[in-house]
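Have a look while I get going.

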Amino acid sequence: MTAPLRFGLIGYGAWGRHHAQAIARAPGARLTAIACRTGATAAVARGDFPDAVVHLGYRELLERPDVDAVSIALPIDLHAQVGVAALERGKDVLLEKPMAATAADCDRLIAAARAGGRVLSIGHELRLSAQWGRIKALIDAGDLGEPLYMALALFRFPYRRGADGWRYERARVGSWILEEPVHAFDFALWFFERWGDPTSVLAAGNSKGREEGLYDNFSALIRFPGGRHALITQTLAGFEYHQVMEVVGTEGAVRGWWSGALDRTREPTFGLAVRRRGAPHPEAIPVHRSGELFELEDQLALTVTAFRERRALVSGEEARKRVVMCLEAERSLREGREVAVRL
C-alpha cells in the first residue's frame, strides 16, 4: 500500500482549522504537524488533533523529516516568506490564494519551486466546485458555442478581521481586490483561456472612511481578444452571502447562483441552469453540493494525488496572472482610467 502523504499545516486561524479538518479527511493524507503563532491557538490545535505535533512558529515544522508537504493558511503578507522557506527545505506546497501581494513575490515563489524541483500549487479551490467548475466543463464541451460574456456579482457581509485584524491593515492584506475578487479574476481567465489573455481592465471602487485599497464596493470590466469581456462586481457592505455568475456564448448561456447566511455554511441554497447549443429551452443541472468548505475538502483530496504525480492543481504561473490582474485593476482605479494589461 502507498504510504500516506504527511502534511504539515502552517497557520491555525479560522481558515487554517478548516484546512486541518480537510487534510484529516483526505484519503491518503496524514496531518503530522501544525505550526501556530500563539500559545492560545497551539492549545486549541492540540485539543483538536492530539496525534499531531504542534509547534510555535513554522521553522521547526519545516525541519521535520516526517513532513512531505505543507499547507499554508496565513495572512497574505507572509505567503512569499513562508512559501519560499518551505520550498527551499524540500517540501511540496499548497499555498492559499492569493499567491502573494506582488508580482515580484510570485516570481520568488516560482523560482524557489523550480530550483528545488518541488511542486507549488495555489489554492483556487472554487475551480473544483461541482457548481462553478461545471460552467468550465460546459464551455470546454462547446455547449455554449464560443463564450462572449461573463458576469459575476457578489453581495456579502463585511470581511472578517482575521488574527490581530490583519485583513483590515493595508500593509498586510495588500488590497481587498486581492482578497476575494481574485477568485472572480481566476474564473474570467480560466473560462476564456482558449481565446487569449485579457487586454485591459477598467475598475471602479469606493468605501466610507477606509484607506485606499480597502474598497467596500468594487467593480471591474475586463476586455479579452475578439470583443469578449467579463464584468466583476462586489459589495462588502451587504448582508449574508449571495453570488450570481452568468456566461453567455454564441450559441448558449448558463447561470448559477448561491446563497447562504455565511460564506462557510454547509447548508446553502444554490442552482445551475443552462440553455445548450441548439436547445430551445433551459434545463436545470443537478448539483449535489456547493460551498467553499466542500471545495476545500475536494482540493486537499486531489492535492494528495497531484503531489504524488508531481504536478500542481493550479500552477504558480497561472496564479501569478490572477495577482497581476488584481494589481492592474487597482492601478486602473487609482489612476481613474482603463489600463492595458500584459501578462
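So, helix 9 (residues 181-191) and helix 11 (residues 316-335): they pack at an angle of about 115 degrees, with axes 9 Å apart. Before I go on, this is a predicted model, so local features need pLDDT of at least 70 and side-chain atom pairs count only at pLDDT 80 or more, while totals for chains, interfaces and linings use all residues. Residues are numbered from 1 along each chain as its sequence is written, and side-chain values use heavy atoms, with hydrogens and water left out.

On terms: helices are DSSP runs of H or I with at least four residues, strands are E runs of at least two, and both are numbered from the N terminus. Axes are lines fitted to C-alpha atoms, for helices over the stretch in contact, and angles run from 0 to 180 degrees between N-to-C directions.

Back to that pair. The crossing of helix 9 and helix 11 is right-handed, where right-handed means the near helix is turned clockwise from the far one by less than a right angle, and left-handed means anticlockwise. Who touches whom? On the helix 9 side we have V182, F185, D186, L189 and W190, and they meet K321, R322, M325, C326 and A329 of helix 11; contact here means heavy atoms within 4.5 Å. Sorted by class, that contact has seven nonpolar, no polar and three charged residues. For the classes, Ala, Val, Leu, Ile, Met, Phe, Trp, Tyr, Cys and Pro are nonpolar, Asp, Glu, Lys and Arg are charged, and the others, Gly among them, are polar.

How many of the residues of helix 9 are buried? Eleven of eleven, with buried meaning under 20% relative accessible area, exposed over 50%, and partly exposed in between (1.4 Å probe, protein chains only). Those buried residues include H183 and D186.

Next pair: helix 1 (residues 14-25) packs on helix 10 (residues 292-308) at about 50 degrees, axes 8 Å apart. The two are therefore oblique to each other: under 35 degrees would be roughly parallel, over 145 roughly antiparallel, 65 to 115 roughly perpendicular, and the rest is oblique. Helix 1 also passes helix 10 in a right-handed crossing. By class you get six nonpolar, two polar and three charged residues.

Now a loop residue, R64, sitting between helix 3 (59-62) and strand 4 (69-72). Is R64 buried or exposed? Buried, because its relative accessibility is 18%. Its side chain makes polar contacts with the side chains of H55, at 3.3 Å, and D66, at 2.9 Å. A polar contact is a pair of N or O atoms within 3.5 Å; within protein, one must be able to donate a hydrogen and the other to accept it, and residues adjacent in sequence count only if both atoms are side-chain atoms.

Last, the backbone. K97 and P98 are joined by a cis peptide bond, omega about -15 degrees. D164, not a glycine, has a positive phi of about 60 degrees, and D164 is exposed at 56%. E240 has a positive phi too, near 55 degrees, and is partly exposed at 35%.
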